[in-house]
Amino acid sequence: MNGNHEAHACCCHHDHHDHVDHMGTPHDILDPEDAAFRQALQKMQAMAASMQGLHAEIDAALSRVSQQNVGYILTQQKNVRKLEQLYADCFAEPLDHPLYETMRQAEQEYLKNIRGILREARQLKHSRKEAGKEPAAAEPMEPGE
């Protein structure tokens, strides 16, 4: 270390040099006392809560699917469309929060997986109907669907 720059420990427990501008570091971005941070976090919590309700319904239906009633998950197509619209609405305007992108990617991955499950269920149901192993009547739907 030369005489022009001297390291010191600061409140965030990292060594910094006197010439380093401490503003704008990840430590500062995560400051829960910052109003913008709190506002973004509250909005993300509301977004998560609204999406979790639809996740719960979709996941509950998925848990009741068996080899004999694989088409049952198709009753959740309406909820998946609602979730897709909610995703588009919630993530239309990026938030300045370090967890925002992680949340967006996780929700995107969930939707991708559910769409894949629905696509496979439609294919299985269609192939069973063609083979005469499944009646042409629609699968039972949940109340309100």
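Reader: How does the span of helix α4 (residues 100-130) stand against the length expected at 1.5 Å a residue?

Author: In this predicted model, α4 has 31 residues and reaches 45 Å from its first C-alpha to its last. The expected value is also given as 45 Å, and the span is close to it.

Reader: Which residues of α4 are buried, and what covers them?

Author: The buried residues include Tyr100, Met103, Arg104, Glu107, Tyr110, Leu111 and Ile114. Gly116, Leu118, Ala121 and Lys125 are buried too. Their cover includes α2 (35-63) and α3 (77-90).

Reader: What makes tyrosine 100 count as buried?

Author: Buried means under 20% relative accessible area. Tyrosine 100 has 5% relative accessibility and therefore counts as buried.

Reader: Why is phenylalanine 91 called buried?

Author: The relative accessible area of phenylalanine 91 is 10%, so the residue falls under the 20% cut-off. Tyrosine 87 is buried as well.

Reader: How many aromatic pairs does the structure hold, and why is the pair of tyrosine 87 and phenylalanine 91 called tilted?

Author: There are 2 aromatic pairs. In the pair of tyrosine 87 and phenylalanine 91, the centres lie 5.0 Å apart, with 45° between the planes.

Reader: What makes phenylalanine 91 and tyrosine 100 a tilted pair?

Author: Their centre to centre distance is 5.5 Å, with 55° between the planes. Tyr87, Phe91 and Tyr100 form one aromatic cluster.

Methods: Residues are numbered from 1 along each chain as its sequence is written. This is a predicted model: local features need pLDDT of at least 70, side-chain atom pairs count only at pLDDT 80 or more; totals for chains, interfaces and linings use all residues. Side-chain values use heavy atoms; hydrogens and water are left out. Helices (H or I, at least four residues) and strands (E, at least two) are DSSP runs, numbered from the N terminus. The expected span of a helix is 1.5 Å times one less than its number of residues. Buried means under 20% relative accessible area, exposed over 50%, partly exposed in between (1.4 Å probe, protein chains only). Contact means heavy atoms within 4.5 Å. Rings of Phe, Tyr and Trp (its six-membered ring) pair if their centres lie within 6.5 Å; planes under 30 degrees apart count as stacked, over 60 as edge-to-face and the rest as tilted.
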